[in-house]
Amino acid sequence: MIGAKVNPDFDALIVVDMQNDFIDGTLKVPNADSIIPVVNEYIRKFEYVGAPIFFTRDWHPENHISFRENGGLWPRHCVMNTHGAMIHRDIYVPSDNRFFINKGVDPDFDAYSGFQGTVLDSLLRERGIRRVFVCGVATDYCVKNTVIGALNLGYQAFVLIDAIMGVDVKKGDSEIALNYMMSRGAIALTIEYCICIP
Ligand code: VGL
Ligand code: ZN
């Protein structure tokens, strides 16, 4: 595996949807809790070198189109300002140089990408970020779409493959999603190859 040295001048970490409902709530991603320690290691590394960290949050109104009760695919999850939508208590959230990106706020549209209908691109651009490092859940939905969104906007994208987990509604979905990200130019990375020295 090719290593990457994180440079705070042009690198950012994106932590996708590490929220209660996806970890131990209404839309549990199987084994999502198992990635928490590695996600935290990435967060601490990026914090250590002074690189910005973006936490995306699924942030739906009660009448959101993606909920079964409203004709959608999913059980009710991540209703804005409720416990289910909070970042899980075991995730380390630095107090500085970190940002929350809420998505899926419009009742009539779903947003699997952290870039869709948000200020993420402008916040990254403002800071001169050119490369994003993406971890979190779910590999086959919001991680995939966030990575593809980044690539489409011209960012280089690293997928932190030891810190993602998928739902696999159909067996193999996560593997297919990862292969697709790589085929579009994303680069797979693990913690020991993610070099963070000042
Ligand atoms: C997600 C299903 C519905 C995700 C969000 O974060 O991957 N999945 N809403
Ligand atoms: Zn959602």
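This is a predicted model: local features need pLDDT of at least 70, side-chain atom pairs count only at pLDDT 80 or more; totals for chains, interfaces and linings use all residues.
Next, show the strands. Six of them form an open sheet with parallel pairing, in the order β4-β3-β2-β5-β6-β7. Select 98–103 for β4 and 187–189 for β7: these two stand at the edges with a single partner strand each, so one side of each has no neighbour in the sheet. On average, neighbouring strands of the sheet are turned by 25° against each other, direction ignored.

**Strand β5 and its partners**

Select residues 131–137, which are strand β5, and residues 156–165, which are strand β6; six bridges join these two parallel strands. Two of the pairs can be picked out by residue. R131 has Q156 as its bridge partner in β6, and V132 has A157.

Click on I14 and then on V134, its bridge partner in β5.

Stay on β5 and colour by accessibility. How many of the seven residues of β5 are buried? Seven of the seven are, so the strand is largely enclosed by the rest of the structure. In a regular strand, side chains alternate between the two faces of the sheet. On one side of β5 look for R131, F133, C135 and V137, and on the other for V132, V134 and G136; all of these are buried, so both faces are covered.

**Out of β5 and into α4**

Follow the chain from V137 to A138. The peptide bond between them is cis, with omega near -10°. A138 sits in the loop between β5 and α4, the helix at 139–152. Most peptide bonds are trans, and most residues other than glycine have a negative phi.

Select α4 next. Eleven of its 14 residues are buried, so the helix is largely enclosed by the rest of the structure. Among the buried ones are T139, D140, Y141 and C142 at one end of the list, and G149, A150 and L151 at the other. What lies over the buried residues of α4? Just after α4, stop at G154, which takes a positive phi of about 95°.

**S174 and its contacts**

Move to S174 in helix α5. S174 has a relative accessible area of 12% and is therefore buried, the cut-off being under 20%. Leaving out residues up to four places away in sequence, S174 touches T139, D140, G166, V167 and D168. Of these, T139 and D140 are also among the buried residues of α4.

**Two positive phi values**

Select D168, in the loop between β6 and α5, which spans 173–183. D168 is not a glycine, yet its phi is positive, at about 50°. Its relative accessible area is 32%, so D168 is partly exposed.

Finish at N97, in the loop between β3 (53–58) and β4. Is N97 buried or partly exposed? At 34% relative accessibility, N97 counts as partly exposed. N97 also has a positive phi, about 55°, although it is not a glycine.

How values were computed:
Residues are numbered from 1 along each chain as its sequence is written. Chains are lettered from A and ligands numbered from 1 in the order in which they are written. Side-chain values use heavy atoms; hydrogens and water are left out. Two strands pair if DSSP finds at least two bridges between them. Helices (H or I, at least four residues) and strands (E, at least two) are DSSP runs, numbered from the N terminus. Axes are lines fitted to C-alpha atoms, for helices over the stretch in contact, and angles run from 0 to 180 degrees between N-to-C directions. Buried means under 20% relative accessible area, exposed over 50%, partly exposed in between (1.4 Å probe, protein chains only). Contact means heavy atoms within 4.5 Å.
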